[in-house]
Amino acid sequence: MTAMTTTTLGTAAPVAVAAPTPRRRRRGLAPGKRLPAARLAGPLLLLALWAAASAAGRLDPGAIPAPWTVLGTGARLWTDGTLPTDVLTSLERAAYGFAIGLTAGVVLALASGLSRTGEALIDGTVQLNRAIPVLGLIPLFILWLGIGETFKIAIIAIVVYIPIYLNTHAALSGIDHRFVELAEVQGLSRLQFVRQIVIPGALPGFFVGLRLGVTGSWLGLVVLEQINATSGLGYMMFQAQNYGQSDVILVGLLIYGVFGLVSDSAVRLIERRVLSWRRTLSN
């Protein structure tokens, strides 16, 4: 029952006053506090299931070797000197292609997003390029650039620049026009407008494209290194396929996975630092 209290006002009759009812705390709708190293939980759980299934004899060792077997194979390849050379070669190819694709994506997005003439000349061409399967360009690029490193870097650059351009251009197009009017009223120069309005407004979309571009560079690399290559992780996996060495193939796949996870985590860390001024659901 609700508690009641009485008060007396002069000679008036006592008045009953209801005590305030405690307010129920509303359940929060946000995801909650970020857990430390939460993104490692999924891979670690998958690794634990893999190890448990291998120990219980549920997996064919010839098709899917146990984790400790793969680890031993990786240690042997590293000791022999084969793995370090292939890893460095793959990193070099991915870095060159990513740098070129990043630069091209940002420059084209700015030229297309800040100028109607640039949009007319660039956007349709990029959309056409996006509609063409990038891996389908490999035979043509081999005829143009040969079978060396140049065509591999060019294909990786195309894989990278498309998502960076699309997301950055979409972010530029989505900037509220009231900010543009405010910049005109304040008398900002073109450079000030770009620095104070365009860049902050485009950064969220740019980082989304950057994450997709980083992932795309590794996806393209694993295919390209199996075409007329003499070194690299993809070449190592292709050679292992010919000899039925599934443990070597899994070593290569795990290294690709670690590279992808580490690079994506690095981009997310930079994004949180650069966009720390935003109040979003994730933070």
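Guide: Thr168 lies in helix 6. The model is a predicted one. Thr168 has 5% relative accessibility, so this residue counts as buried, the cut-off being under 20%. What does Thr168 touch, leaving out residues up to four places away in sequence? The contacts are Ala109, Ala202, Gly205 and Phe206.

Helix 6 runs over 149-173 and supplies at least two residues to the lining of the second largest pocket. By class, the lining holds 9 nonpolar, 6 polar and 4 charged residues.

Helix 4 has 16 residues. From first C-alpha to last, helix 4 reaches 22 Å, close to the 22 Å expected at 1.5 Å a residue. Helix 4 also bends, by about 30° at Ile122. Ile122 is one of the buried residues of helix 4, along with Gly118, Asp123, Val126 and Asn129. An α-helix has 3.6 residues a turn, so residues three or four places apart point the same way. The cover over the buried residues of helix 4 includes helix 3 and helix 6.

For contrast, take the largest pocket. The volume there is about 670 Å³. Its lining has 20 residues, and Leu47, Trp50, Leu254, Ile255 and Val258 lie nearest the centre. By class, 18 are nonpolar and 2 are polar, with no charged residues. Helix 1 (41-55), helix 2 (67-80) and helix 10 (246-274) each supply at least two lining residues. Helix 10 gives the most, with 8 residues.

Leu250 touches Trp50, Pro65 and Val70, not counting residues up to four places away in sequence. Of these, Trp50 is among the residues nearest the centre of the largest pocket. Pro65 is 185 residues from Leu250 along the chain, yet their C-alpha atoms are separated by 8.4 Å.

Methods. Residues are numbered from 1 along each chain as its sequence is written. This is a predicted model: local features need pLDDT of at least 70, side-chain atom pairs count only at pLDDT 80 or more; totals for chains, interfaces and linings use all residues. Side-chain values use heavy atoms; hydrogens and water are left out. On a 1 Å grid over the protein atoms alone, a cavity is a set of points where a 1.4 Å probe fits but cannot get out, and a pocket is an open set with protein on both sides within 12 Å along at least five of seven lines; lining residues have an atom within 4 Å of a point. Grid points are joined across faces, edges and corners, and a volume is the space filled by probe spheres set on the points. Helices (H or I, at least four residues) and strands (E, at least two) are DSSP runs, numbered from the N terminus. Ala, Val, Leu, Ile, Met, Phe, Trp, Tyr, Cys and Pro count as nonpolar, Asp, Glu, Lys and Arg as charged, and the others, Gly among them, as polar. Buried means under 20% relative accessible area, exposed over 50%, partly exposed in between (1.4 Å probe, protein chains only). Contact means heavy atoms within 4.5 Å. The expected span of a helix is 1.5 Å times one less than its number of residues. The bend at a residue is the angle between axes fitted to the seven residues ending there and the seven starting there.
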